[in-house]
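Student: Hey, can we walk through this structure together? I'd like to know what to look at.

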Amino acid sequence: MTKPPKPKPLLQDADKPVRSRPRKPRNPAQPNLPLDPMPDRVDPCLALPKPKPPKGPQWGFEVKWDGYRLAVHIEPSGVRVLTRGGHDWTDRFPAIAAKARRLPVATAILDGEAVVFDAHGRSDFGRLQQSLGGRAGKRASREAVLMAFDLLYFDGRDIRQTELISRRHLLEGLVPAGGEEAIRLSEEIEADGDTLLRIACEHGLEGIIAKDRNSAYRTGRLGDWLKIKCIQSNGFLIVGYEKSTASFGGIGRLLLAARKGSNLVYVGGVGTGFNERSANELRELMDTLIIGKPAVDTGRKRNAVFVDPKLVAEIEYRAWTHDGKLRHASYKGLRDREDDADVYGVD
């Protein structure tokens with residue numbers, strides 16, 4: 001039987017082993033491929049309130065989610081989940097953090113909203129707060145889902161100056177649509193703004209967000225993003241409450257104030273939207289803040305207790321009265337200090 005031919009040596013003598021050339025030491029004068037420094041935190045782009053959706057091909061539309069704004073930092077050292085105010089809540093959103101560690105990226109910053117869904121698939125701010133143990137609670141929420149809607153940093157590149165349409169393209173590759181994980185894509189919906197708003201309101205959603213597809217990511221409320229709500233909802237300072245023996249927690253009505261420049265102005269009260277648990281928790285918090293004189297003129301009130309205006313209540317309402325008071329108001333919950341909640345300002 002003929003033996004197979006011996007392989008020919010590769011470019012060298014047969015009695016010498018094949019070796020690659022030794023690597024030359026790197027020239028320290030040669031620059032590394034430049035990478036953008038990763039921001040420690042980013043103040044978010046905020047949506048400007050508008051009564052109607054904008055017109056024009058540059059606008060894309062998404063559902064408005066009702067929860068806590070978060071930035072998820074995926075770093076070489078690990079994952080950080082930061083609130084809008086820059087507080088580290090990684091331990092309070094373990095499912096979101098765990099999913100972030102599994103995303104196919106070395107470094108990234110995702111912008112999104114942490115939400116908890118109700119039985120109809122709608123984001124429910126009250127359920128989110130309950131999952132976290134209430135405003136003063138420190139519970140970890142395993143129900144919360146991050147609805148990711150922007151990507152600010154991606155694999156060593158700061159992409160905030162890139163137009164939104166390109167940032168979204170990269171985000172969709174990282175967080176595909178239709179997922180059921182703890183991080184999901186907030187999808188852009190191909191629809192006319194007026195039609196989408198009508199459908200959102202019919203389904204009991206809070207409203208819609210419009211975003212200029214050609215815009216860079218800019219911190220603040222500059223008009224690149226707009227929010228159009230089905231029902232008005234804003235944060236107001238609690239300045240007191242009226243006692244009632246027939247209501248949960250003994251709270252007949254909360255007394256509310258808005259900001260006007262550097263001062264506060266009374267905007268009326270709210271007596272609906274409480275359940276037994278939320279009213280009792282709220283009463284305990286308010287009773288630690290009792291003051292002798294009201295922080296703002298509320299007019300004559302019977303059985304009123306005044307408190308230091310440190311608590312921000314999220315209030316739904318339909319309209320304003322001619323004298324600047326809230327109409328058809330309903331209490332939704334307390335905003336957390338770590339959420340850096342806005343307090344409504346009147347002109």
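This is a predicted model: local features need pLDDT of at least 70, side-chain atom pairs count only at pLDDT 80 or more; totals for chains, interfaces and linings use all residues.

Student: Okay, how many helices and strands does the protein chain have?

Tutor: The protein chain has 5 helices and 18 strands. Both are DSSP runs numbered from the N terminus: helices are H or I with at least four residues, strands are E with at least two.

Student: And what share of the residues is buried?

Tutor: Of its 347 residues, 46% count as buried. Buried means under 20% relative accessible area, exposed means over 50%, and partly exposed is in between (1.4 Å probe, protein chains only).

Student: Is β11 enclosed or open?

Tutor: Largely enclosed by the rest of the structure, because 10 of the 12 residues of β11 are buried.

Student: Which strands does β11 pair with?

Tutor: One is β15, antiparallel over 6 bridges, where Asn 234 has Ile 315 as its bridge partner. Another is β12, also antiparallel and joined by 6 bridges, with Gly 240 opposite Leu 255. Then there's β14 (residues 304-306), antiparallel over 3 bridges; here Glu 242 is partnered by Ala 304. To count as a pair, two strands need at least two bridges found by DSSP.

Student: What about β12 and β13?

Tutor: β12 (residues 251-260) and β13 (residues 263-270) are antiparallel over 7 bridges, and Ala 257 sits opposite Tyr 266. Their hairpin has 2 residues between the strands, and Gly 261 takes a positive phi near 65° there.

Student: New topic. Where is Val 307, and is it buried or exposed?

Tutor: Val 307 is in the loop between β14 and β15. It's buried, with a relative accessible area of 1%.

Student: What does Val 307 touch?

Tutor: Leaving out residues up to four places away in sequence, Val 307 touches Ile 238, Val 239, Gly 240, Met 286, Leu 289, Ile 290 and Ile 291. A contact means heavy atoms within 4.5 Å. Val 307 and Ile 238 are 69 residues apart in sequence, but 7.4 Å apart in space, C-alpha to C-alpha.

Student: Which residues touch the most other members of the largest nonpolar core?

Tutor: Val 72, Ile 74, Phe 93, Ile 96, Leu 110 and Ile 183, out of 31 residues in that core. β3 gives the most to this core, with 4 residues. A nonpolar core is a set of buried Ala, Val, Leu, Ile, Met, Phe, Trp, Tyr and Cys residues joined through side-chain atoms within 4.5 Å.

Tutor: Apart from that core lies another, of 24 residues, including Val 267 and Leu 311.

Student: Why would nonpolar side chains be buried together?

Tutor: In soluble globular proteins, that's what nonpolar side chains tend to do.

Student: Last one: which residues are closest to the centre of the largest pocket?

Tutor: Ala 47, Lys 64, Arg 221, Lys 227 and Lys 229, from a lining of 40 residues. β11 and β15 are among the elements that give two or more residues to that lining.

Notes
Residues are numbered from 1 along each chain as its sequence is written. Side-chain values use heavy atoms; hydrogens and water are left out. On a 1 Å grid over the protein atoms alone, a cavity is a set of points where a 1.4 Å probe fits but cannot get out, and a pocket is an open set with protein on both sides within 12 Å along at least five of seven lines; lining residues have an atom within 4 Å of a point.
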